[in-house]
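Me: I have a new structure to look through. Could you take me through it step by step?

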Amino acid sequence: MTPSPKPPQPTPTQSMADPKNLIVILGGSYGGISTAHYLLKHVTPHLPSHKVILASTSSEALCRPACPRALLSDDYFPQTKLFVDIAAQFAHYPPEIFEFVHGTATDLDAALHTVTISLADTTAAATVTLTYHALIIATGALAVSPLLGLNSDDAPALRAAWAAFRARLPSAKHIVIAGGGPSGVEVAGEIGEHLNGVRSWWWPGAKQAAYPRVAITLVADSPTVLPQLRPVLGRAAQGYLARVGVDVVCGTRVVASAPAADGGWDVKLSRGDTLHADEYIPCVGTAANTSFVREGDKARLLAADGRVRTDPGTLRTEVKGVYAVGDVSDFARPAIHNVLAAVPVLCANVRRDLVRLQGGNDGGDRLFVEEKREMQLVPVGWSKGVGAMMGFRVPSVVVWLIKGRDYWLWTTGGLWSGRQWAKA
Ligand SMILES: Cc1cc2nc3c(=O)[nH]c(=O)nc-3n(C[C@H](O)[C@H](O)[C@H](O)COP(=O)(O)OP(=O)(O)OC[C@H]3O[C@@H](n4cnc5c(N)ncnc54)[C@H](O)[C@@H]3O)c2cc1C
């Protein structure tokens with residue numbers, strides 16, 4: 001694994017003194033990268049006085065859904081496709097219309113229309129403050145487990161977390177995973193198949209008795225796992241989990257977890273008992289990355305759960321010139337298909353607002369409508385899976401074909417490079 005080359009850093013004066021009007025995007029992942037490409041292809045050509053700046057804590061984009069398998073070994077995915085250098089994906093746009101800033105947004109002054117970025121490379125300056133005409137917040141959400149995303153750090157931190165986990169695995173005898181949603185089921189299925197292989201019901205005797213090599217417990221507070229799917233699919237997933245040595249405990253939740261004296265974890269369940277685990281992986285809940293929102297702006301910018309309160313149709317926030325998309329926003333359920341469906345709508349409305357700022361008229365708003373039918377594909381191990389698309393149950397082999405083979409890695413090339421957004 002070779003680290004990606006560092007992207008060229010803009011100097012603060014370059015950006016601050018830029019004669020162009022800035023469209024600033026925060027977050028370099030599904031929401032931010034897609035929005036940047038879309039604006040550069042379909043909006044800024046009509047608004048030549050504008051320039052797009054994409055600022056991101058991570059200099060690399062990650063196929064996040066692949067984490068449940070990728071965390072176990074670098075051999076499961078080509079690493080150069082799993083992590084992709086963001087700046088390189090935008091190298092074909094001239095610097096007059098696009099800049100990538102490797103840094104973290106630390107302060108948003110909604111009154112002055114400025115956002116301050118703390119730069120990753122502090123050799124030139126520690127921060128840069130950008131005055132925006134439009135600001136798109138796409139900073140995503142932090143997973144509780146450091147194994148499941150870029151969290152608030154850069155890609156090397158995620159790789160280091162994976163390496164430390166892999167080093168501990170050979171001595172693990174019991175692994176507890178919390179959360180019966182898709183992440184918990186996928187993590188449990190991948191770890192089960194990686195460590196235990198598939199249980200053979202036709203092989204009596206010692207081999208069967210010694211199975212599973214490592215005890216894995218998945219704790220879910222719902223009656224079956226995958227509560228967003230019909231119960232029969234949850235039960236099917238539980239059958240596939242048993243096949244790879246995962247014991248599912250439903251109807252109870254993890255109420256507390258604490259490091260144990262032996263270096264493992266004590267995981268307390270709501271039903272009253274405490275499980276001792278060598279590894280504990282919480283796959284429950286996320287926290288929106290919005291720490292740059294000022295205390296005084298929280299009431300109008302943030303919802304009660306900490307996500308950016310966003311008009312679900314227009315993707316605007318209550319604050320003029322500020323928009324949000326992706327997991328940081330409450331516009332829809334956190335899922336990539338929602339992000340991708342929202343990007344063209346968001347960009348059309350940004351364009352409309354910028355044209356209006358210049359005294360023109362670009363027609364009415366475009367509106368996003370969330371797909372609310374049953375929609376979730378969940379691989380369980382290397383060859384099985386359950387799911388539904390647009391309300392229709394999908395056979396296991398189709399789940400494998402679409403997602404289980406490589407956890408969507410087949411889709412990210414066009415997304416990161418912008419090819420996916422060639423047509424408006
Ligand atoms: C294990 C797992 C499996 C998943 N599987 C699927 C799936 O199969 N299908 C599906 O549809 N969805 C899936 N999801 C959800 C999907 O990954 C998210 O919907 C998607 O990643 C959201 O993209 P995003 O751009 O909003 O944010 P994120 O992908 O969370 O990225 C946020 C980006 O913002 C950057 N950032 C954070 N804070 C700041 C800051 N202050 N300033 C600048 N940059 C910042 C981060 O470095 C990161 O690059 C899965 C999620 C997980 C955790």
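This is a predicted model: local features need pLDDT of at least 70, side-chain atom pairs count only at pLDDT 80 or more; totals for chains, interfaces and linings use all residues.

Me: How many helices and strands does the chain have?
Reply: The chain has 13 helices and 20 strands.

Me: What does the radius of gyration say about the chain?
Reply: A compact globule of 424 residues would have a radius of gyration near 22 Å, and the chain has 23 Å, which agrees. Along its principal axes, the C-alpha trace spans about 80 × 45 × 40 Å.

Me: And how much of the chain is buried?
Reply: Of its 424 residues, 54% count as buried. The accessible surface of the chain is about 18,100 Å², and carbon and sulfur atoms hold 58% of that area.

Me: What share of the contacts joins residues 24 or more positions apart?
Reply: Such pairs make up 67% of the contacts in the chain with a separation of 6 or more.

Me: On to the ligand. Which residues come nearest?
Reply: There are 31 residues around the ligand, and S29, G31, D327, I336 and K403 come nearest.

Me: Which backbone atoms lie close to its oxygen atoms?
Reply: A backbone N or O atom of Y30 lies 3.2 Å from an oxygen atom of the ligand. For S58, a backbone N or O atom is 3.3 Å from a ligand oxygen, and for T139 a polar backbone atom is 3.4 Å from one.

Me: How much of the ligand does the protein cover?
Reply: On its own the ligand has 1,000 Å² of accessible area, and the protein covers 91% of this.

Me: Which elements give two or more residues to that shell?
Reply: Those elements are α2 (30-42), β2 (50-56), β5 (98-109) and α11 (336-357). The largest share, three residues, comes from β5.

Me: How do the shell residues divide by type?
Reply: The shell holds 13 nonpolar, 15 polar and three charged residues.

Me: Where is M390, and what is its phi?
Reply: M390 is in the loop between β19 (384-389) and β20 (392-393). Its phi is near 50°, again a positive value in a residue other than glycine. With 41% relative accessibility, M390 is partly exposed.

How values were computed. Residues are numbered from 1 along each chain as its sequence is written. Side-chain values use heavy atoms; hydrogens and water are left out. A residue is near a molecule or strand if one of its heavy atoms lies within 4 Å of it. A polar contact is a pair of N or O atoms within 3.5 Å; within protein, one must be able to donate a hydrogen and the other to accept it, and residues adjacent in sequence count only if both atoms are side-chain atoms. Accessible areas come from the Shrake-Rupley method with a 1.4 Å probe; for residues, only the protein chains shown count as cover. Helices (H or I, at least four residues) and strands (E, at least two) are DSSP runs, numbered from the N terminus. Ala, Val, Leu, Ile, Met, Phe, Trp, Tyr, Cys and Pro count as nonpolar, Asp, Glu, Lys and Arg as charged, and the others, Gly among them, as polar. The radius of gyration is taken over C-alpha atoms; the globule rule is 2.2 Å times the number of residues to the power 0.38. Buried means under 20% relative accessible area, exposed over 50%, partly exposed in between (1.4 Å probe, protein chains only). Contact means heavy atoms within 4.5 Å.
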